[in-house]
Amino acid sequence: ISQAQVFDRVGKHVVQNALDGYNSTVFAYGQTGSGKTFTITGGSERYEDRGIIPRALSMIFQAFRDRSDCSWSSHVRYMEIYNETVRDLLTPTGAEVGALCLREDPDLGVCVAGLTQYEAGSADHVMDLLQQGNLRRQTESTRCNATSSRSHAVLQVYVQTEVEGDMLQGKLSLVDLAGSERHVATEKRSVRSLEGANINKSLLALSGCISALVKGQRHVPYRNSKLTQILKDSLGGKCQTSMIANVSPSHDSMGETSN
């Protein structure tokens, strides 16, 4: 299956949902080395290798160009969640990348205080920002992957359109989750072990929230991790979410694949 087919099946309707004024999310889930970053961001410079993010951005700004009867604006934020700490990936050059706090706003929902926001004028502009942010991401070598992502990366694109006085405001969250993995598959006693524990903790919290929403439970445990707090309004309520399960074809990965 090609990148274009993946986007057509799980991305296109979610992006349109954001353009229509809803909160929308696409995230990739799977073990380390199963292709999540390739799926979400893309691989080589080849046009056909573009992932969900560049294709979604192209669709958004093409929609803006096609609507001559409306005014529009777009802003982007890019963050990572590393060891249950939220870090700004678009902080200005030379500024310290420190931990950010989450705050609950009655109108805006969960907000990341102090997170840098850029006004976006084109898909290329956002991709440039994304590449700058990726240089700040936490990646390390593990036994499973030479360049393993040790954090969850969340790109949020806010779109606002106004047609004859009617305002639509939507948010698109595109998430490259860190890889799920067993401790024994990476390192037994190290910094990597601590990272793995926090990664699995947040992924378990995400699974718990999805399970509670599917079952219609009154209490959804969003507060169990920073990841689920940030995605709260993108998992429940006025939203639409697509999950991509990345599966490794390796026989050695059968346990992780089954899980």
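Contact, as the word is used in these legends, means heavy atoms within 4.5 Å. The structure is a predicted model, in which local features need pLDDT of at least 70 and side-chain atom pairs count only at pLDDT 80 or more, while totals for chains, interfaces and linings use all residues. Residues are numbered from 1 along each chain as its sequence is written, and side-chain values use heavy atoms, with hydrogens and water left out.

**View 1**
Leaving aside neighbours within four places in sequence, Thr228 is in contact with Ala205, Leu206, Cys209, Pro221 and Tyr222. Thr228 belongs to helix 7, residues 226–230; helices (H or I, at least four residues) and strands (E, at least two) are DSSP runs, numbered from the N terminus. With a relative accessible area of 0%, Thr228 is buried, a word that stands for under 20% relative accessible area, whereas exposed stands for over 50% and partly exposed for values in between (1.4 Å probe, protein chains only). A polar atom of the Thr228 side chain lies 2.6 Å from the backbone oxygen of Tyr222, and the side chains of Thr228 and Ser225 are joined by a polar contact of 3.0 Å. A polar contact is a pair of N or O atoms within 3.5 Å; within protein, one must be able to donate a hydrogen and the other to accept it, and residues adjacent in sequence count only if both atoms are side-chain atoms.

Lys36 is buried, with a relative accessible area of 6%. Not counting residues up to four places away in sequence, Lys36 touches Ala28, Tyr29, Gly30, Gln31, Asp176, Leu177, Ala178, Gly179 and Asn246. The backbone oxygen of Gly30 lies 3.3 Å from a polar atom of the Lys36 side chain.

**View 1. Asn83 and Glu84 in the loop between strand 2 and strand 3.**
This loop connects strand 2 (71–82) with strand 3 (85–88) and holds Asn83 as well as Glu84. Asn83, although not a glycine, has a positive phi near 50°, and Glu84, likewise not a glycine, has a positive phi of about 60°. Asn83 is partly exposed at a relative accessible area of 22%, whereas Glu84 is buried at 17%.

The structure holds 1 cavity of 30 Å³ or more, and the space in the largest cavity is about 40 Å³. A cavity is a set of points, on a 1 Å grid over the protein atoms alone, where a 1.4 Å probe fits but cannot get out, and lining residues have an atom within 4 Å of a point; grid points are joined across faces, edges and corners, and a volume is the space filled by probe spheres set on the points. The lining consists of Ile81, Tyr82, Asn83, Glu84, Arg150, His152, Glu195, Asn198, Ile199 and Ser202. Strand 2 and helix 6 (191–214) are the elements that give two or more residues to this lining, and helix 6 provides the largest share, 4 residues.

Notes. On a 1 Å grid over the protein atoms alone, a cavity is a set of points where a 1.4 Å probe fits but cannot get out, and a pocket is an open set with protein on both sides within 12 Å along at least five of seven lines; lining residues have an atom within 4 Å of a point.
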